[in-house]
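This report covers one protein chain.

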Amino acid sequence: MWMPLLAVLIGFALLMWSADKFVEGAAATAKHLGVSTLLIGIVVVGFGTSAPEMVVSAFAALDGKPALALGNAYGSNIINITLILGLSAVFATIAVHSSIVRKEMPILLGVTLLAGWQLWDGVISRNDALVLVLLLFGIMGWMVYAAKRGKQDALSSEVEEEMAEHPLTPKAATLWLVVGLLLLMASSKMLVWGAVSIAQTFGVSELIIGLTIVAFGTSLPELAASIAAARKGEADLALGNVVGSNLFNTLAVVGIAGLISPIQVAPEVLGRDWGVMLAVTLGLFIMAYGFKKPGHLTHWEGGVLLSAYVAYTGWLLYSVLG
């Protein structure tokens, strides 16, 4: 038992460190290649923080554990909004100025509804997965187009400030990009093995393990990045990290896992996990979109999100112990 537990702990630590270095190296490499700061914020930082979820879920699907992959994606989405944005808003009110982030929020809500429709027949087939991946490419293409046509965005200046704190030469950027990716893969494999072993030992379903332990571990990079951004007043970067990550989780993480192996969906996923994911995504949209003025997440709204995380986690524990 101690070996799987050690694998999970070491896997978490390596995952968080390697994901940070991977995103840092990717962002610096893109900057040296002449990519605009706004595009780096949207694509590299926003989606790159979901690299742990993607790699973990891909390995889970390859190992014949697609339920763990689905739990990882949906659990991470719930944790990103309730725990990560909740804590970030408790530290500092999150005011939303970026037009790009505001445009991403209704898209995320639409993608979440699509996910529910695909779950309805009890399986995410390879055709379903292909739709998710193609939709991701379409959304990314639209974001690149919008960023090139748009004026200076609040997200761009915040990413610029963040990158200025961690300058990297082209050689160092490439090194961290490669090393971060390799360690990301190794730590993900270690984490999946340890989590599955623990689940088998205690007789807990792989779905629950994915929704809790694995989802929390793969969300650690977003947690660190968003809280740090919120404390430094980089609110759009904090929210952009979460919204971009959730889009990537729902489309790419589930899509890639489904392409590798069709995912049989347990009944409770639609009624419990997707339902909670939809509710917190809708709640975020109502709180942060800002229909007539810039949106914001206040301290008390952060407390509401944290309470939702506690309630959902309690629900999962009751389903295991009850």
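## Terms and source

Helices (H or I, at least four residues) and strands (E, at least two) are DSSP runs, numbered from the N terminus. This is a predicted model, in which local features need pLDDT of at least 70, side-chain atom pairs count only at pLDDT 80 or more, and totals for chains, interfaces and linings use all residues. Residues are numbered from 1 along each chain as its sequence is written, and side-chain values use heavy atoms, with hydrogens and water left out.

## Overall fold

The chain holds 13 helices and four strands. Its radius of gyration is 18 Å, close to the 20 Å that the globule rule gives for 322 residues, so the chain is as compact as a globular protein of that length. The radius is taken over C-alpha atoms, and the rule is 2.2 Å times the number of residues to the power 0.38. Along its principal axes, the C-alpha trace spans about 50 × 45 × 40 Å.

Contact means heavy atoms within 4.5 Å. Among contacts between residues at least 6 apart in sequence, 88% join residues at least 24 apart.

## Burial and surface

Of the 322 residues, 57% count as buried. Buried means under 20% relative accessible area, exposed over 50%, and partly exposed in between (1.4 Å probe, protein chains only). The chain exposes about 13400 Å². Carbon and sulfur atoms supply 71% of that area. Areas come from the Shrake-Rupley method with a 1.4 Å probe.

The expected span of a helix is 1.5 Å times one less than its number of residues. Helix 8 (residues 170–202) has 33 residues and should span 48 Å; its end C-alpha atoms are 47 Å apart, which agrees.

Helix 10 (residues 220–231) has 12 residues and should span 16 Å; its end C-alpha atoms lie 17 Å apart, which agrees. Its buried residues include Leu220, Pro221, Glu222 and Leu223. Ser226, Ile227, Ala229 and Ala230 are buried in helix 10 too. Gly233 follows helix 10, with a positive phi near 80°.

## Ala27

Where does Ala27 lie? Ala27 is in helix 1 (residues 2–32). Ala27 is buried, with a relative accessible area of 5%. Leaving aside neighbours within four places in sequence, Ala27 is in contact with Ile40, Val44 and Met163. Gly180 is 153 residues from Ala27 along the chain, and their C-alpha atoms are separated by 12 Å.
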